[in-house]
Structure formats: structure tokens, C-alpha cells
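Colleague: I have a model open beside its sequence, and I would like to learn how its features should be read. Could you take me through them in turn?

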Amino acid sequence: MNTADRRTEIINILIIRRRTTARELADEFGVTTRTIQKDIQALSPGYPIYTKQGGDGGIFIGDDYKPYVNTLSADELKTLREIYGQAQGSQKKILLQIIHKYGPDKLEL
């Protein structure tokens, strides 16, 4: 895996986990923690990544970072809202997750 691929995967990991450690990433990628630290320094200007020391520390990505926000067109969002209104049970829950993942923040249904 090259540097660019590893850095992309680090972002993906942070999006999913929201928190990890340099040691965990180093073990996963088979590199040193210093390499991960360099990756984080390189990624920080373009992403809301921050680190925190201590027992509750690690590498974090900002809670407000949602890379898929606003990727639905207005027509797609309208259609999903209509389907959501007719859905029931787990289908309704899954549709809501999709709308929150890909739609604008604080969308009212």
C-alpha cells in the first residue's frame, strides 16, 4: 500500500470509528507510529483531524465532518421523503439513516 492509499484509508477508518490511536493504525498498516504521525500531520490541513493525549486520547475526526452531506439532489431527497412517509418499521429506520447520511444536516421529515 502506498502513502496516498494509506492516508485515504486512515480517513475512512476515522469516519467509521471516529477515534483510533496511532498504535492501532500502525499495527493495521504494518508501519511505525512515526509514519502514522506524519500521515496525520499531512492530513490535518484538509480534514478536521485532531489528537488528544492521555488515557482518553487518540486520533479523532470532528463530529461535524460528514463527507456525504448534500450529495442527494433535490429530486432524490424529495422522493426519499415521500417513500419515508409511507415506510414502516425497519424500512423507515433505514431510510432515515440514508437521508441523514447523504442529505443535509438537521433535515426535518
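Colleague: How many bridges join strand 2 to strand 3, and in which sense do the strands run?

Modeller: In general, the strands of a sheet pair through backbone hydrogen bonds, either parallel or antiparallel. Two strands count as paired if DSSP finds at least two bridges between them. Here strand 2 (residues 49-52) is joined to strand 3 by 4 bridges, and the two run antiparallel. Within this pairing, Thr-51 has Ile-59 of strand 3 as its bridge partner, while Tyr-50 stands opposite Phe-60.

Colleague: What is the order of the strands in the sheet, and which strands stand at the edges?

Modeller: The sheet is open and is formed by 3 strands in the order 1-3-2, with antiparallel pairing. Strand 1 and strand 2 stand at the edges, each with a single partner strand, so one side of each has no neighbour in the sheet. Strand 1 (residues 19-20) pairs with strand 3 (residues 58-61) over 2 bridges, in the antiparallel sense, and Arg-19 stands opposite Phe-60 there.

Colleague: At what angle do helix 1 and helix 2 pack, and how far apart are their axes?

Modeller: Two packed helices are described by the angle between their axes and the distance between the axes. The axes are lines fitted to C-alpha atoms, for helices over the stretch in contact, and angles run from 0 to 180 degrees between N-to-C directions. Helix 1 (residues 3-17) and helix 2 (residues 22-29) pack at about 130°, with their axes 12 Å apart. That angle makes helix 1 oblique to helix 2, given that angles under 35 degrees count as roughly parallel, over 145 as roughly antiparallel, 65 to 115 as roughly perpendicular and the rest as oblique. The contact (heavy atoms within 4.5 Å) is made by Arg-6, Glu-9, Ile-10, Ile-13 and Arg-17 of helix 1 together with Leu-25, Glu-28 and Phe-29 of helix 2.

Colleague: Is Asp-39 buried or exposed?

Modeller: Buried means under 20% relative accessible area, exposed over 50%, and partly exposed in between (1.4 Å probe, protein chains only). Asp-39 lies in helix 3 and counts as buried because its relative accessibility is 0%. Leaving aside neighbours within four places in sequence, Asp-39 is in contact with Thr-3, Arg-6, Arg-7 and Ile-10. By contrast, Asp-64, in the loop between strand 3 and helix 4, is exposed, with a relative accessible area of 63%.

Colleague: What is the mean pLDDT of the protein chain?

Modeller: The term pLDDT is the predictor's confidence in each residue, from 0 to 100, and where it is low, the predicted coordinates should not be read in detail. The mean for the protein chain is 88, and 92% of its residues reach 70 or more.

Conventions
Residues are numbered from 1 along each chain as its sequence is written. This is a predicted model: local features need pLDDT of at least 70, side-chain atom pairs count only at pLDDT 80 or more; totals for chains, interfaces and linings use all residues. Side-chain values use heavy atoms; hydrogens and water are left out.
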